[in-house]
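Please work through the exercises below with the sequence and the structure open beside you.

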Amino acid sequence: MIELGGGCRVIGPEDGKVAREGNRRWRQTIGQFIQARDIAQVESLVNAGVTDGRINPTSEEVHFVLEGAGTCYIDGYAYTVEPGSAAYVPPGAACCWQNPGPGPLRIVSVCCPEAHDGSRGLVPLTEPADPARPAPPRVIHERDRRAQQTGIRTFTVLADNDVGCQRVTQFLGVITPSEAPPHYHTYEEEIYIIDGTAVVATKVAPTK
């Protein structure tokens, strides 16, 4: 991990906390262990089978499928996912993943706020409590969203208020070879590099 000014950190592909549960292996790259205030980022690798279920009682979570295809179950409703799919899991909802194999299902996820009291190791919930109730909109694909242009960047908003997000906005960005002007946010931001290379620089305002 490389520490830059102003609290910015760059986490490499071998950094982070690694854990395993059943057919899922995950690596936590961002969280309070590196002084993140609210958000936690996790990269998961799901092998063939169904993962244990998970509930974050007071946190919402957004997922993005990087590789593989399968099913995301949210409160028992089945959503087909593939590379480019984004999923939103609201607080208190049960979530598990099914990978038909043979290849892995790779997912990057962000939880807000970071969950420490979540229920883990639940029996996978693969049937909705009320089959007569229509499945709520929880999964979208990047191809179904309109790309927007801002300066040198094209970005596609994925999980947002349309699917129920209250605390986070998930988007997929494409930056052409260029240099972005210095700017700052009043909120935390985490970035996961899917493809390409870049230089990240920070400038800390001088103290008076």
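**Salt bridges and exposure**

Across the whole structure, which is a predicted model, a search finds 7 salt bridges.

**Exercise 1.** Work out which parts of the chain are tied together by the salt bridge between Glu-43 and Arg-106.

*Solution.* Begin with the contact itself, in which the closest N and O atoms of Glu-43 and Arg-106 are 3.2 Å apart.

**Exercise 2.** Locate Arg-145 and Asp-160, and describe how their side chains meet.

*Solution.* The side chains of Arg-145 and Asp-160 form a salt bridge with an N to O distance of 3.3 Å. Arg-145 sits in the loop between E15 and strand E16 (148–150), while Asp-160 sits in the loop between strand E17 (153–157) and strand E18 (171–175), so this pair links parts 15 residues apart in sequence. Asp-160 counts as buried, at 16% relative accessibility. Elsewhere, salt bridges with shared partners join Arg-27, Glu-43, Glu-67 and Arg-106 into one network.

**Exercise 3.** Classify the exposure of Arg-37 and of Asp-38.

*Solution.* The two side chains meet in a salt bridge at 3.0 Å, N to O. Arg-37, at 54% relative accessibility, counts as exposed because the value is over 50%, and Asp-38, at 22%, counts as partly exposed.

Notes: Residues are numbered from 1 along each chain as its sequence is written. This is a predicted model: local features need pLDDT of at least 70, side-chain atom pairs count only at pLDDT 80 or more; totals for chains, interfaces and linings use all residues. Side-chain values use heavy atoms; hydrogens and water are left out. A salt bridge is a side-chain nitrogen of Lys or Arg within 4 Å of a carboxyl oxygen of Asp or Glu. Buried means under 20% relative accessible area, exposed over 50%, partly exposed in between (1.4 Å probe, protein chains only). Helices (H or I, at least four residues) and strands (E, at least two) are DSSP runs, numbered from the N terminus.
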